[in-house]
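Thanks, everyone. Let's look at the cross-links in this one, and then at the charged pairs.

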Amino acid sequence: MRKFLISGIFGAGLVSGAESAQDLEGWCYPADDCIGAQIPLGSGTYDTCEETCTLTNPVSVRDMEATLFDVVCRGDWMEAGSMSRRLMIITQASDQTRMFAIGENSVTQLERCDF
């Protein structure tokens, strides 16, 4: 379950394209026990503990600073070789800008990368 949750949470890299409304450069997922370091989101492809994930098909969410992605993860442990899910990245701007990754079973507040 933790592997699935981690891969779902980390499914938020930037995919280049006109429909991607947000610039995720400089934003990271927080370090966890498995990775031990922040996961940068700007490249669109990233590694979790046991898989490599890529964001595809970005769609801007109307009237929100948000983008909905299909996340495709591949790993040796998967019977079908890959799995897909949906993930939304949303920006909240008030006195400070915050960004969140929202999946079917999780909400994670992203943080500015330390590197």
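Cys-53 and Cys-73 form a disulfide, with 2.0 Å from S to S. By disulfide I mean two cysteine sulfur atoms within 2.5 Å. The torsion about this S-S bond is about 110°, so the link is right-handed. Cys-53 sits in strand 4 and Cys-73 in strand 5, so the pair ties together parts 20 residues apart in sequence. Strands here are DSSP runs of E, at least two residues, numbered from the N terminus. Cys-53 is buried at 0% relative accessible area. Cys-73 is buried too, at 0%. Buried means under 20%, exposed over 50%, partly exposed in between, with a 1.4 Å probe and protein chains only.

A word on the source: this is a predicted model, where local features need pLDDT of at least 70 and side-chain atom pairs pLDDT 80 or more, while totals for chains, interfaces and linings use all residues. Numbering starts from 1 along each chain as its sequence is written, and side-chain values use heavy atoms, without hydrogens or water.

How many disulfides does the whole structure hold? The search finds 3. Cys-28 pairs with Cys-113, sulfurs 1.9 Å apart. That link is right-handed as well, at 105° about the S-S bond. Cys-34 pairs with Cys-49, at 1.2 Å between sulfurs. Cys-34 is partly exposed, at 41%. Cys-49 is partly exposed, at 31%. Counting bonded cysteines along the chain, the pattern reads 1-6, 2-3, 4-5.

Now charges. There are 2 salt bridges, meaning a Lys or Arg side-chain nitrogen within 4 Å of an Asp or Glu carboxyl oxygen. Arg-86 meets Asp-70 at 2.5 Å, N to O. Arg-62 meets Asp-63 at 3.4 Å, and both residues are exposed.

Conventions: Helices (H or I, at least four residues) and strands (E, at least two) are DSSP runs, numbered from the N terminus.
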